[in-house]
Amino acid sequence: MERAHWAPVSKTVARRIEEMIAAGDVDGDGRLPSQRELSLQLGVSRTSVREALSQLEAAGVLRTEPGRGTFWQADKRQLNRRAMNANAADTLAGIARGMDVVSEDATYSKLEISRFRYLIESQSARLAAMRITDAQLQMLERNLNAFKSQTRAADLEASAATDFEFHHMIVRFAEVRLFSDMHEAFRSLVMHAVRMYKSQYNRAWEPVAEHERILEALRRRDPDEARYYMQSHITRSAERLGITDASEIL
């Protein structure tokens, strides 16, 4: 018997906050209720709210102004597109589970996941370099800053989520919706495969430096360089985590 699909509480809370914003259930100036108010309103812990807000800020949907609060900065059309993409991803994952391709019992090797990422993310980086806007570059910069802070604090769970969001934004910026839907549908599998453990923390800054090189290539709008640095990052990640060597991914 197939088990129920499970999603992290913070991810569900993040989606509900986006739905609130898209529906206009926030102040006219875009300021969100306090974490305490959101916790009571949504019936979840403040920890889940805090994690959800961190994810949305890393994705460029929110910004925090010290002493003033948290404000949304994506227009409603963007939020509606995100909601549609999330629903499409849920549908895709549901179809896959119905075909016995993805379920709680099914397994994909870390090598297979690395190959999936190598193909989709490297091509997405190339396409994104040709299409990326200044606003999207700023979103990636904010994500990178959050990634650095979380890595310094050895917050491996938060940094894993921020790491995935960096890659997922680049896939979205490629503007191939099928890529984006597939990437989102397999979020939990990808994160499980690439998450670093405390025993590997001595190498935790390596992915930060690799993200910096990818972002710099995107700033230069250089598609071949962006693809190269993304491919290098994914193969180095596989080697770093003991998954495989580069020759097996190619």
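Author: We begin with the elements: helices (H or I, at least four residues) and strands (E, at least two) are DSSP runs, numbered from the N terminus. R221 lies in the loop between α10 and α11, the latter spanning residues 223–240. The model is predicted, with local features needing pLDDT of at least 70 and side-chain atom pairs pLDDT 80 or more, while totals for chains, interfaces and linings use all residues. Residues are numbered from 1 along each chain as its sequence is written, and side-chain values use heavy atoms, leaving out hydrogens and water.

Reader: How many helices and strands does the chain have?

Author: The chain has 12 helices and two strands. From the N terminus on, their order is α-α-α-β-β-α-α-α-α-α-α-α-α-α.

Reader: Why does R221 count as partly exposed?

Author: Relative accessible area under 20% is called buried, over 50% exposed, and in between partly exposed (1.4 Å probe, protein chains only). R221 has 34% relative accessibility, and therefore counts as partly exposed.

Reader: What is E175 called, buried or exposed?

Author: E175 has a relative accessible area of 57%, so E175 is exposed. E175 is found in the loop between α7 and α8 (177–185). E175 has a positive phi of about 65°, and E175 is not a glycine.

Reader: How much of the chain is made up of buried residues?

Author: Of the 250 residues in the chain, 46% are buried. H167 gives an instance: its relative accessibility is 2%, and therefore H167 counts as buried. H167 is found in helix α7 (residues 156–173).

Reader: Which residues is H167 in contact with, leaving aside its neighbours within four places in sequence?

Author: Contact means heavy atoms within 4.5 Å. On that basis, and with those neighbours set aside, H167 is in contact with R117, E121, H183, H211, M230 and H233. For the chain as a whole, among contacts with a separation of 6 or more, 71% are between residues 24 or more positions apart.

Reader: What makes the pair of H167 and E121 a polar contact?

Author: A polar contact is a pair of N or O atoms within 3.5 Å; within protein, one must be able to donate a hydrogen and the other to accept it, and residues adjacent in sequence count only if both atoms are side-chain atoms. The side chains of H167 and E121 are joined by such a contact of 2.6 Å. In another case, a polar atom of the T235 side chain lies 3.0 Å from the backbone oxygen of S232. T235 is in helix α11, and because its relative accessibility is 10%, T235 counts as buried.

Reader: Why is α6 described as roughly antiparallel to α10?

Author: Two packed helices are described by the angle between their axes and the distance between the axes. Axes are lines fitted to C-alpha atoms, for helices over the stretch in contact, and angles run from 0 to 180 degrees between N-to-C directions. Angles under 35 degrees count as roughly parallel, over 145 as roughly antiparallel, 65 to 115 as roughly perpendicular and the rest as oblique. The axes of α6 (residues 134–152) and α10 come within 10 Å and cross at roughly 170°. Therefore α6 is roughly antiparallel to α10. Residues making the contact include L137, L140 and L144 of α6 and W205, H211 and L215 of α10.

Reader: How do the residues of the contact of α6 with α10 divide?

Author: They divide into nine nonpolar, two polar and five charged. Here Ala, Val, Leu, Ile, Met, Phe, Trp, Tyr, Cys and Pro count as nonpolar, Asp, Glu, Lys and Arg as charged, and the others, Gly among them, as polar.

Reader: How many bridges join strand β1 to strand β2?

Author: Two strands pair if DSSP finds at least two bridges between them. Four bridges join β1 (residues 62–65) to β2 (residues 69–72), and the two strands run antiparallel. L62 stands opposite W72 in β2, and R63 opposite F71. Three residues lie between the strands of this hairpin, where G67 takes a positive phi near 85°.
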